Amino acid sequence: RRDVADALKTSTANRAVAELSAIEYDMAEEIAPLFDGIGDNTSDVFRVVDATMRRFRQEMENQMVKTMESAYRDALAQVDPNLEFNQYDYDVVRYWAVQWVHPSLMRTMRSRRNQLLNAKDEETAMSILSPDGVKYRAGFFSRLSDTESSRVVEHAIVVGYRRLGVKKFRRNAIVDNRTDSELCLPFDGLEYTAEAAANVLP
């Protein structure tokens, strides 16, 4: 079951990165031409840049929520195909969006904007904003996607078991090439309540 959950986390993270990057390509195509012959007219240009970035940031946030919700549904189905995505699940995904996704995307857009302050032409702006640009700072989306994919899948699995009536979970430490025996073995056999198990399973 752990392998299945890990595969879901990985596929969700990869999907999220691809979706966010596609949106950022569109943003780059719209913003970079504004820097063609910008000269000293920076204030007018950056008013448009800021409005455009807000619009694309919101699109990214909406897309992340859809991806997280899809992964949550898939994780519930791994526990039991009959488990339904309900109002609690809807609310918790949107809480995470406000608590984690929104601030992360705000920081990312702020970083991109700060880089643009030194852009004097369209080519430089494109190299900063486009995911395949030479000045593009990679890593923002992969960190966000990895973190939120793990959060969603692990939480949904625990919630699924709770809905099936499971009250406690016992940790079984498996020593292999993916685990650290010094960190994991001391917790072997430890029991957790369902409420406290979010970081234990899968």
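In this predicted model, T108 is in contact with F140 and F141, leaving aside its neighbours within four places in sequence. T108 is found in helix 3 and counts as buried, at 2% relative accessibility.

**Packing of helix 2 and helix 5**

- Two packed helices are described by the angle between their axes and the distance between the axes.
- The axes of helix 2 (residues 42-79) and helix 5 (residues 140-163) cross at roughly 35° and come within 8 Å.
- The crossing of these two helices, helix 2 and helix 5, is right-handed.
- By class, the residues in this contact of helix 2 with helix 5 are 16 nonpolar, three polar and two charged.
- From helix 2, the residues that meet helix 5 are M60, M64, M68, A71, Y72, A75, L76, Q78 and V79.
- On the side of helix 5, the residues that meet helix 2 include F141, L144, E148, V152, V153, H155 and R163.

**Aromatic pairs**

- A pair of aromatic rings is described by the distance of the centres and the angle of the planes.
- Three aromatic pairs are found in a search of the whole structure.
- One of them is formed by Y72 and F85, whose ring centres are 5.6 Å apart and whose planes stand at 90°, so the pair is edge-to-face.
- This pair links distant parts of the chain, with Y72 in helix 2 and F85 in the loop between helix 2 and helix 3, 13 residues apart.
- Y72 counts as buried, with a relative accessibility of 0%.
- F85 also counts as buried, because its relative accessibility of 17% falls under the 20% cut-off.
- Y72 and W96 form a tilted aromatic pair, with 6.4 Å from centre to centre and 40° between the planes.
- Y72 lies in helix 2 and W96 in helix 3, so this pair ties together parts that are 24 residues apart in sequence.
- Both Y72 and W96 are buried.
- Y72, F85 and W96 are linked into a cluster by ring pairs.

**Y88 and its partners**

- Y88 lies in helix 3 and counts as partly exposed, at 39% relative accessibility.
- Leaving aside neighbours within four places in sequence, Y88 is in contact with Y72, H155, V159 and R163.
- The side chains of Y88 and H155 are joined by a polar contact of 2.9 Å.
- Among these partners of Y88, Y72 belongs to helix 2, whereas H155, V159 and R163 belong to helix 5.

**M27 in helix 1**

- M27 lies in helix 1 (residues 2-31) and is buried, with a relative accessible area of 0%.
- Leaving aside neighbours within four places in sequence, M27 is in contact with M53, F56, M109 and L129.
- M27 and L129 are 102 residues apart along the chain, and their C-alpha atoms are separated by 7.6 Å.

**Helix 4**

- The buried residues in helix 4 (residues 122-129) include T124, A125, S127, I128 and L129.
- The cover over the buried residues of helix 4 includes helix 1, helix 2 and helix 3 (87-116).
- At the start of helix 4, the backbone nitrogen of E123 has a side-chain oxygen of D121 within 3.2 Å.

**S149 in helix 5**

- S149 has its place in helix 5 and counts as buried, at 4% relative accessibility.
- Not counting residues up to four places away in sequence, S149 touches K9, T12 and A13.
- A polar atom of the S149 side chain lies 3.2 Å from the backbone nitrogen of A13.

**A138 in the loop between helix 4 and helix 5**

- A138 is placed in the loop between helix 4 and helix 5.
- A138 counts as exposed, because its relative accessibility of 64% is over the 50% cut-off.
- From C-alpha to C-alpha, A138 and M109 are 13 Å apart in space, and they are 29 residues apart in sequence.

Terms used: Residues numbered from 1 in each chain as written. Predicted model: local features only at pLDDT ≥ 70, side-chain atom pairs only at ≥ 80, totals over all residues. Heavy atoms only, no water. Helix = DSSP H or I, 4+ residues; strand = E, 2+ residues; numbered from the N terminus. Buried < 20%, exposed > 50% of the residue type's maximum accessible area, 1.4 Å probe, protein only. Contact = heavy atoms within 4.5 Å. Axes fitted to C-alpha atoms, helices over the stretch in contact; angles between N-to-C directions. Left-handed = near helix turned anticlockwise from the far one by under 90°. Nonpolar A, V, L, I, M, F, W, Y, C, P; charged D, E, K, R; others polar. Polar contact = N/O pair within 3.5 Å; in protein donor to acceptor, adjacent residues only side chain to side chain. Phe/Tyr/Trp six-rings, centres within 6.5 Å; stacked < 30°, edge-to-face > 60°.
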